[in-house]
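Colleague: Please take one part of this model and go through it closely. I would like the start of the chain, residue by residue where that helps.

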Amino acid sequence: MTEQHEQRYCIKFCQKLGDTQMETIRKIQQAFDDDAMSNSRIKEWYNRFKDGRTAVDSEPRSGRPSTSRNENVIEQVRTLVMEDRRITVRELANEIGLIQIFVAKHNILVVRQAPYSPDMAPCDFWLFPKLKIPLKGTRFESREDIVRNATARLIIIPKDAFQKCFQQWRKRWEKCVHYQGDYFEGD
């Protein structure tokens with residue numbers, strides 16, 4: 001039995017005993033800790049059982065490829081990832097043939113795009129390090145503290161530094177064109 005089913009049985013049990021949604025949520029979180037379903041999912045299943053549902057299984061859904069999750073596919077994915085740890089999810093799906101099944105079934109037009117390269121994204125090679133390095137190791141009390149500190153760091157970056165960044169970016173474009181999109185490291 002999966003943990004998801006276990007939790008659904010527990011929700012059904014709590015609802016049958018007359019526990020409220022909040023009592024049920026508290027009990028599920030206490031019993032399953034970090035693996036507990038989200039509050040909204042618990043409420044959703046609680047209401048289903050309250051409305052007379054008896055089964056804990058999900059309803060079958062259309063459009064989900066039944067071939068997507070089996071031991072053969074899992075082993076193929078594992079092998080491909082071990083061969084190339086930089087492989088993308090789309091490349092994995094293409095290699096195994098899952099995309100073609102879904103695309104063909106729904107008549108979806110596929111437009112090829114250039115691969116993403118962090119060497120070509122100014123936020124990755126320039127801006128994020130300027131924000132992350134000074135803030136690294138700092139504990140913040142709230143999301144607002146994070147936003148305030150990150151904003152303060154952004155404000156102190158001189159305008160000419162942004163201009164230099166875009167000059168570096170242009171050099172990276174030229175290098176990428178020179179290598180015809182092949183992988184390269186550094187400047």
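Modeller: Helices here are DSSP runs of H or I with at least four residues, strands are runs of E with at least two, and both are numbered from the N terminus. The model is predicted, so local features need pLDDT of at least 70 and side-chain atom pairs count only at pLDDT 80 or more, while totals for chains, interfaces and linings use all residues. Residues are numbered from 1 along each chain as its sequence is written, and side-chain values use heavy atoms, with hydrogens and water left out.

First, the setting. The chain has nine helices and zero strands. In sequence order the pattern reads α-α-α-α-α-α-α-α-α. Of its 187 residues, 24% are buried (under 20% relative accessible area; exposed is over 50%, partly exposed in between, with a 1.4 Å probe and protein chains only). Contact means heavy atoms within 4.5 Å. Among contacts between residues at least 6 apart in sequence, 47% join residues at least 24 apart.

Now the helix pairs. Two packed helices are described by the angle between their axes and the distance between the axes. Axes are lines fitted to C-alpha atoms, for helices over the stretch in contact, and angles run from 0 to 180 degrees between N-to-C directions. H1 and H2 cross at roughly 145°, and their axes come within 10 Å. H1 brings Glu 3, Glu 6, Gln 7, Cys 10, Ile 11 and Cys 14 to the contact, and H2 brings Thr 24, Lys 27, Ile 28 and Phe 32. By class, these residues are five nonpolar, two polar and three charged. Nonpolar covers Ala, Val, Leu, Ile, Met, Phe, Trp, Tyr, Cys and Pro; charged covers Asp, Glu, Lys and Arg; the others, Gly among them, are polar.

H2 also packs on the next helix. H2 spans residues 21-32 and H3 spans residues 39-50; their angle is about 125° and their axes lie 10 Å apart. H2 and H3 are therefore oblique to each other. For the cut-offs, under 35 degrees is roughly parallel, over 145 roughly antiparallel, 65 to 115 roughly perpendicular, and the rest oblique. The crossing of H2 and H3 is right-handed too. Gln 21, Thr 24, Ile 25, Ile 28 and Gln 29 of H2 meet Asn 39, Ile 42, Lys 43, Tyr 46 and Asn 47 of H3. This contact has four nonpolar, five polar and one charged residues. Thr 24 and Ile 28 are listed on the H2 side here, and also on the H2 side of the contact with H1.

Between these two helices, look at Asp 33. Asp 33 sits in the loop from H2 to H3. Its phi is near 50°, positive in a residue other than glycine. Most residues other than glycine have a negative phi. Asp 33 counts as exposed because its relative accessible area is 54%.

Start with Gln 7, in helix H1. Gln 7 has 2% relative accessibility and so counts as buried. The Gln 7 side chain reaches the backbone nitrogen of Met 37 at 2.7 Å. Beyond four places in sequence, Gln 7 touches Ile 28, Phe 32, Asp 35, Ala 36 and Met 37.

Next is His 5. This residue belongs to H1, which runs over residues 3-17. Its side chain makes a polar contact with the side chain of Asp 57 at 2.6 Å. A polar contact is a pair of N or O atoms within 3.5 Å; within protein, one must be able to donate a hydrogen and the other to accept it, and residues adjacent in sequence count only if both atoms are side-chain atoms. Leaving out residues up to four places away, His 5 touches Val 56 and Asp 57.

Asp 57 is partly exposed because its relative accessibility is 43%. Outside its sequence neighbours within four places, Asp 57 contacts His 5, Arg 8 and Trp 45. Asp 57 and Arg 8 are 49 residues apart along the chain, with their C-alpha atoms separated by 8.6 Å.

Last, Gln 15, also in H1. With a relative accessible area of 18%, Gln 15 is buried. Past its neighbours within four places, Gln 15 contacts Tyr 46, Phe 49 and Lys 50. Gln 15 and Trp 45 are 30 residues apart in sequence and 9.6 Å apart from C-alpha to C-alpha.

Conventions: A crossing is left-handed if the near helix is turned anticlockwise from the far one by less than a right angle, and right-handed if clockwise.
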